[in-house]
Amino acid sequence: MNVTESRFENRQLHIEDYLQMATAEQEEYAGVFDYARITEKSGVITDFWMDNLLDLILRKDNMNKAYKKVKSNGGAGGIDGMQVDELLPYLKEHSNELIQKIKDGKYKPNPVRRVEIPKETKGEYRKLGVPTVVDRVIQQAITQELVPIFEPQFSESSFGFRPKRGQHDALRQCQKYVNDGYMYVVDMDLEKFFDTVGHSKLIEVLSRTIKDGRVISLVHKYLNAGAMANGLFEKTEIGMPQGGPLSPLLSNVMLNELDKELERRGLRFVRFADDCMIFCRSKRSAQRAMVNIVAYIEGKLFLKVNRAKTVVAHIRDVKYLGYGFYIYKHVCRFRVHPKSVTKMRKRIRELTDRNKGISNAEREKRYREYVEGWIVYFRLADMKNLLKNTDSWARHRIRAVYWKQWKKVRTRYKMLRALKIEEWQVNMLANTRKGTWRAAQMLSVALTNKIIVKLGYTSMLDYYLKVC
């Protein structure tokens, strides 16, 4: 019997529901098996559980926690169309059968649903693989038990997809290295990392720690499960799909080999997922490090380095995690990289498009959520002037939205009088023949900055000062 049933209709994937699901699932570690505690009592017990790791993964409490995590994250279903809301009834009926299949080695994961997300670079796409909700629970259960095993092995300079670590920690570590005099960096770019990981190399690295062959076999099955794209099946003989709870951990396991090599060579580095920067005191030493590390990555890890994007540069010329860097009074400080500014303005332009057919309440909600999320992420940067100018531009666009909605002269009279401005100003504005953009500028005397904030459009500068 199949793990999931074909009776569920395929449904459209909502990207916005899914983009951050893998990261969210990767951050849940509470209540996992305490290896440190049992090691204190007896190494023999630890060996027992390491040799019988699959039994630990399939424990009822671990599977329940995996289900709750997948349920809380929501997201779209996989190729079978089963949604998260339909998962509990299915598990109640088939959980024993499912667990027995996994124990017997007869379980076959479903192919992932292939989804392409446009990258910043025009014409390039990031391939996501959406597992079925049942496979998502199993992957989450595996991850919850493997994380505490591998975490002690990971480098202190690795920050991606790890508990209590994030982008800001990686950026502060970069800042520390620059302040210590390491101003030249090797900006390393791995070409399509998730799509080019060699299965045999990854399994070899996993097998050094995981002694339960059934777990290794199950992970290998997920790597080889394949993908469905436009109704066609694609083999996945190399690479691993981004999107499942297991992929972030596997990426760290693989790239930990690179971390150990960098540490062995005594190099200072910061790595967030597959974004790695190596810090050196001089341009020459950085160039030498780049040659040696590229040879190691391609020769030992069998990964591809994008030589066009892998460069040696001064810290002020690089972009890392959306941030730029600059030196002020011999101290490294952060700024928002110009490419990130362009991306932000493009998004605000979309949110304040006066031709977009959404309600004012929905527009205000989307704008507020985006602006506050953007500010929280870039709060380390110095950007008062940027936000002041962006606020002014965005408010102009917001006024243009409302002006276009007040199409008729009588509507303009009604709305302008409600804003309590002088009658001569009401007459002048209501009867103006100016275009929408020019009229929106004139509207600032009525639709003031304070009123726009009260409507729900968060001021970027005010929120930045509040957060910081």
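**Close-up views of a predicted model**

**View 1. Arg126 and a surface patch of positive charge.** Arg126 has its place in strand β2, which spans residues 125-130, where strands (E, at least two residues) and helices (H or I, at least four) are DSSP runs numbered from the N terminus. This is a predicted model, in which local features need pLDDT of at least 70 and side-chain atom pairs count only at pLDDT 80 or more. Residues are numbered from 1 along each chain as its sequence is written, and side-chain values use heavy atoms, with hydrogens and water left out. With a relative accessible area of 36%, Arg126 is partly exposed, a term for values between buried (under 20%) and exposed (over 50%), using a 1.4 Å probe and protein chains only.

**View 2. His168 and the backbone of Tyr377.** His168 belongs to helix α9, residues 167-179, and counts as buried at 12% relative accessibility. A polar atom of the His168 side chain lies 2.6 Å from the backbone oxygen of Tyr377.

**View 3. Leu321 in a loop.** Between β8 (311-314) and β9 (323-328), the loop holds Leu321, which is buried at 15% relative accessibility. Its phi is near 55°, a positive value in a residue other than glycine. Most residues other than glycine have a negative phi.

Terms used: Patch = residues over 30% accessible without salt bridge, like charges linked within 9 Å, V, L, I, M, F, W, Y side chains within 5 Å. Areas by Shrake-Rupley, 256 points an atom, 1.4 Å probe, with all protein chains shown as cover. Salt bridge = Lys/Arg side-chain N within 4 Å of Asp/Glu carboxyl O. Lys, Arg positive; Asp, Glu negative; His and termini not counted. Charge placed at Lys NZ, Arg CZ, Asp CG, Glu CD. Polar contact = N/O pair within 3.5 Å; in protein donor to acceptor, adjacent residues only side chain to side chain.
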